[in-house]
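Hi there,

Here is the structure I promised to pass on. My notes on it follow below.

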Amino acid sequence: SAGPGFIWSKETSGGFSIGHSMLIVGYDDVKQAYRILNSWGTDWGDSGLIWMTYDLFNSRTGTYVYVIDR
């Protein structure tokens, strides 16, 4: 159900845990969401991408968040 236009939020998330690689590739302050590239490949979500609200991201991520500065 995480296709194009879907925004993953606390209301739509149900119970889950993040236990694999995901990469923030963008953000949209109007949507209040990060653009996330999942490690499950392009068959998942919107060609491998999903929107995740800032609130859900902050409530579900663990301590293994890294920022890459180029």
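First, a word on terms: contact means heavy atoms within 4.5 Å. This is a predicted model, in which local features need pLDDT of at least 70 and side-chain atom pairs count only at pLDDT 80 or more, while totals for chains, interfaces and linings use all residues. Residues are numbered from 1 along each chain as its sequence is written, and side-chain values use heavy atoms, with hydrogens and water left out.

By that contact rule, Thr 53 touches Ile 7, Trp 8, Ser 9, Lys 10, Gln 32 and Ala 33, leaving aside residues up to four places away in sequence. Thr 53 lies in strand β4 (residues 49-53); strands here are DSSP runs (E, at least two residues), numbered from the N terminus. Thr 53 counts as buried because its relative accessibility is 14%, where buried means under 20% relative accessible area, exposed over 50% and partly exposed in between (1.4 Å probe, protein chains only).

Now the sheet: four strands form an open, mixed one in the order β1-β4-β3-β2. β1 (7-8) and β2 stand at the edges with a single partner strand each, so one side of each has no neighbour in the sheet. Strands count as paired if DSSP finds at least two bridges between them. β1 and β4 run parallel, joined by two bridges, and Trp 8 has Met 52 in β4 as its bridge partner. β2 and β3 (residues 33-38) run antiparallel with six bridges; there, Ile 24 has Ile 36 in β3 as its bridge partner.

Finally, Leu 23 is in β2 (residues 22-28) and counts as partly exposed because its relative accessibility is 44%.

Best wishes
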